[in-house]
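Here are my notes on the model, as numbered points. Please read them with the structure open.

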Amino acid sequence: MDPPADQPQLRVASLGKTFSRNRKTVHALQDVSFDVPRGQFLSILGPSGCGKSTLLHIIGGFEQASSGSLLLDGRPVAGPGRDRGMMFQQATLFPWKTIESNVAWPFIVDGHKRGEARERAHELLATVGLSGFERSYPAELSGGMRQRAALARTLGLSPDILLMDEPFGALDAQTRELMQEELTRIWEHSGLTVIFITHDIDEAVFLGDRVLVMGARPGRIIADVDVELGRPRGTTTKKDPQMAEYHSHFWELIRQEAGPQADRNGGSDRS
Ligand SMILES: Nc1ncnc2c1ncn2[C@@H]1O[C@H](COP(=O)(O)OP(=O)(O)OP(=O)(O)O)[C@@H](O)[C@H]1O
């Protein structure tokens with residue numbers, strides 16, 4: 001049965017997360033609530049240590065929340081699942097397999113014949129601009145190319161939501177810009193829901209339909225802004241004067257949170 005039309009794909013309600021280790025308690029997230037409609041590109045910005053990765057890992061089902069609830073298509077998230085594809089700062093590829101075998105892997109796991117899996121892998125590699133590198137091994141590619149391959153493999157899993165944790169954070173500035181343009185092109189044709197974590201304000205704005213800003217620990221949402229830049233987006237979008245306005249607005253918010261007084265109760269020694 002299809003979910004009701006007005007039901008958000010993802011509902012995060014009053015989510016909290018506390019870590020306890022070595023007699024220290026860290027309140028990583030506090031009362032985080034937001035909905036994500038199907039097909040939205042949601043960027044999440046925030047100062048270092050504000051709980052962005054923790055939030056994404058909870059949505060991915062790799063961490064459990066300490067309080068609150070998380071509903072995907074109306075059902076509680078109980079653990080990791082194929083409906084959520086994850087991408088990290090470092091590409092998670094099998095180093096002993098060729099790029100083609102890495103990208104074909106989800107299709108093999110799904111029981112597709114080898115030839116068909118290879119064909120699907122080639123299509124995906126073409127989508128991410130890696131045609132001609134099918135027989136290469138991950139170590140033979142640049143960081144940007146490895147991330148393209150990781151994106152192709154994640155897309156091969158046909159997730160409903162793509163969870164991206166600073167996927168371009170380790171790339172040089174030029175490669176990063178190119179990857180942003182590639183991702184926006186691929187996403188605009190895919191209809192996928194994306195939750196994208198980044199430290200980079202311009203990246204968040206350029207890619208996002210909407211930007212959530214998180215405040216310093218305990219991590220909470222301090223701003224929720226729709227990005228009113230048209231689509232499709234490309235190099236001309238980056239020169240749009242509105243980009244600069246968004247930049248200074250978000251920078252001001254993050255600067256206030258990232259100061260020395262910002263860490264309100266994280267890391268307190270409870271011994
Ligand atoms: N497994 C863990 N055990 C204990 N504390 C943790 C654990 N994971 C995260 N933390 C703490 O929770 C807080 C939030 O961490 P998290 O990595 O989610 O922040 P972040 O916003 O993604 O940071 P950054 O932008 O620097 O990557 C930090 O204080 C971190 O030290």
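1. Which element gives the most to the shell around the ligand? Helix H1 does, with three residues. H1 covers residues 52-60, and strands S1 (10-21) and S2 (24-36) also supply at least two residues each. Helices (H or I, at least four residues) and strands (E, at least two) are DSSP runs, numbered from the N terminus.

2. A word on the basis of these notes. The model is predicted: local features need pLDDT of at least 70, and side-chain atom pairs count only at pLDDT 80 or more, while totals for chains, interfaces and linings use all residues. Residues are numbered from 1 along each chain as its sequence is written.

3. The ligand has 15 residues around it, and Phe 19, Ala 28, Ser 48, Ser 53 and Thr 54 come nearest. A residue is near a molecule or strand if its C-beta atom, placed from the backbone, lies within 6 Å of it. The shell divides into eight polar, four nonpolar and three charged residues. In this scheme Ala, Val, Leu, Ile, Met, Phe, Trp, Tyr, Cys and Pro count as nonpolar, Asp, Glu, Lys and Arg as charged, and the others, Gly among them, as polar.

4. The protein chain contains eight helices and eleven strands. Its radius of gyration is 19 Å, close to the 18 Å that the globule rule gives for 271 residues, so the chain is as compact as a globular protein of that length. The radius is taken over C-alpha atoms, and the rule is 2.2 Å times the number of residues to the power 0.38. The C-alpha trace spans about 55 × 45 × 40 Å along its principal axes.

5. The domain assignment, automatic or from a database, gives domain 1 (37-64 + 78-83 + 161-271) and domain 2 (93-158). Their centres, taken over C-alpha atoms, are separated by 26 Å. Ten residues of domain 1 are in contact (C-beta atoms, placed from the backbone, within 7 Å) with eight residues of domain 2. On the side of domain 1 that touches domain 2, H5 supplies the largest share, four residues. That side has seven nonpolar, one polar and two charged residues.

6. Ile 186 is found in H5 (residues 173-190). Is Ile 186 buried or exposed? Ile 186 is buried, because 20 other C-beta atoms lie within 10 Å. The cut-offs, with C-beta atoms placed from the backbone, are 20 or more other C-beta atoms within 10 Å for buried, 12 or fewer for exposed, and in between for partly exposed. The C-alpha atoms of Ile 186 and Val 128 are 7.9 Å apart, although 58 residues separate the two along the chain.

Key. Contact = placed C-beta atoms within 7 Å.
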